[in-house]
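Hi,

Here is the structure I said I would pass on. Have a look at it first, and my notes follow below.

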Amino acid sequence: MPHNITEFIMLGLSQNPEEQRVLFMVFLIIYVVTVCGNILIVVTITSSPTLASPMYFFLANLSFVDTCYSSSMAPKLIADSFHEKKIISFNGCMAQVYAEHIFGAAEIILLTVMAYDRYVAVCKPLHYMTIMSHRLCILLVGVAWTGGFLHATIQILFTVWLPFCGPHVIDHFMCDLYPLLKLVCMDTHTLGLFVAVNSGFVCLLNFLLLLVSYMVILHSLKAHSLEGRRKALSTCVSHITVVILFFVPCIFVYLRPVTTLSIDKAVAVFYTMVAPMLNPLIYTLRNTEVKNAMRKLCSKK
């Protein structure tokens, strides 16, 4: 490797011991709620015959991705709350970057797939089950994971060989691309453009695609009955909310030149911890079928 750095020191969210104790409690609660909420959705959907439609199949996969995504960041952040000096090994740092991007990219593609599912359900209801066959659903989830794997692999292959030099201090609570690029001993303008294209532009393109798809869906609702419009609109509003919560921070962080802002840490907390916790709440609070299935599951136990 073109560097001799074996570890990085992270500054975290705060250096104040009192604030760190508060952060420990807050993030522990968020992480427990995230894992329990998302696992509950996965178990409910996989065990309930009434939730066998493609929409719920994709929702179960989204909850699984959210659990993995949060788990790749939260435990380290929670554990670091006990330490004044927050150290992460070079390999651990690269693993964190890889995990963030494989799960983040998989979620982006999965949200796009879910928008396509809603488009078919609303615009072509008579052909819905024929088009969205179980085989196609599995294929689309496979595409999401393959896309995440390719994106993360490309990202990590260019990151791991960068010439890092001192100081090996990362002004963040996790290993992310822009804070790492500040430690590189070379001009990072071209690297920044690569990150903006590979991460930021991909986020923006998918976000615009999703907005267009939902505009088409909402326009087509005019031909539906009042009850049909209400049900479709409820599902679409939940999905649009999740899309905005995930994509806007992603676009803000990655679609810009190589620079770090003071608000970056708060934004990162939102899309790595808060958004995965809110997703199951957003989908279940507006969905009677999921709530009923959860009640039946709890009553069995």
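One definition before the notes: buried means under 20% relative accessible area, exposed means over 50%, and partly exposed is in between, with a 1.4 Å probe and protein chains only. This is a predicted model, so to speak of local features I need pLDDT of at least 70, side-chain atom pairs count only at pLDDT 80 or more, and totals for chains, interfaces and linings use all residues. Residues are numbered from 1 along each chain as its sequence is written, and side-chain values use heavy atoms, with hydrogens and water left out.

Helix and strand names are DSSP runs numbered from the N terminus (helices are H or I with at least four residues, strands are E with at least two).

**Aromatics and the surface patch**

Rings of Phe, Tyr and Trp (its six-membered ring) pair if their centres lie within 6.5 Å; planes under 30 degrees apart are stacked, over 60 edge-to-face, and the rest tilted. The count by this rule is twelve aromatic pairs. One of them is Phe 158 with Phe 194, an edge-to-face pair at 4.7 Å centre to centre with 70 degrees between the planes. Phe 158 sits in helix H6 (residues 134-159) and Phe 194 in helix H8 (residues 189-220), so this pair ties together parts that are 36 residues apart in sequence. Phe 158 is buried, at 16% relative accessible area, while Phe 194 is partly exposed at 31%. Elsewhere, Tyr 69, Phe 207, Phe 246 and Phe 247 make up one aromatic cluster.

Phe 194 turns up again in a nonpolar surface patch, together with Phe 149, Leu 150 and Ile 154; the four have about 360 Å² of accessible area together. Patches are made of residues with over 30% relative accessible area and no salt bridge, where like charges are joined within 9 Å and nonpolar side chains (Val, Leu, Ile, Met, Phe, Trp, Tyr) within 5 Å. The areas come from the Shrake-Rupley method with a 1.4 Å probe, and for residues only the protein chains shown count as cover. H6 gives the most to the patch, with three residues. Phe 149 is in helix H6, and its 43% relative accessibility makes it partly exposed.

**Salt bridges**

How many salt bridges does the structure hold? There are four, taking a salt bridge as a side-chain nitrogen of Lys or Arg within 4 Å of a carboxyl oxygen of Asp or Glu.

- Lys 76 and Asp 80 have their closest N and O atoms 3.3 Å apart. They are four residues apart in helix H3 (residues 74-80), which puts about one helical turn between them. Lys 76 is partly exposed at 23%, whereas Asp 80 is buried at 6%.
- Asp 117 and Arg 118 have their closest N and O atoms 2.9 Å apart. Asp 117 is buried at 1%, and Arg 118 is buried at 11%.
- Asp 171 and Lys 265 meet at 2.9 Å, N to O. This pair links distant parts of the chain, 94 residues apart: Asp 171 is in the loop between strand S3 (169-170) and helix H7 (177-181), and Lys 265 is in helix H10 (residues 264-285). Asp 171 is partly exposed at 45%, but Lys 265 is buried at 16%.

**Some single residues**

Asn 38 belongs to helix H1 (residues 17-47) and is buried, with 0% relative accessibility. The side chains of Asn 38 and Ser 63 are joined by a polar contact of 3.4 Å. That term means a pair of N or O atoms within 3.5 Å; within protein, one must be able to donate a hydrogen and the other to accept it, and residues adjacent in sequence count only if both atoms are side-chain atoms. Leaving out residues up to four places away in sequence, Asn 38 touches Ser 63, Asp 66, Thr 67, Pro 276 and Pro 280, where contact means heavy atoms within 4.5 Å.

Met 94 lies in helix H4 (residues 90-123) and is buried at 6% relative accessibility. Beyond its neighbours within four places in sequence, Met 94 is in contact with Ile 156, Thr 159, Val 160 and Leu 180.

Cheers
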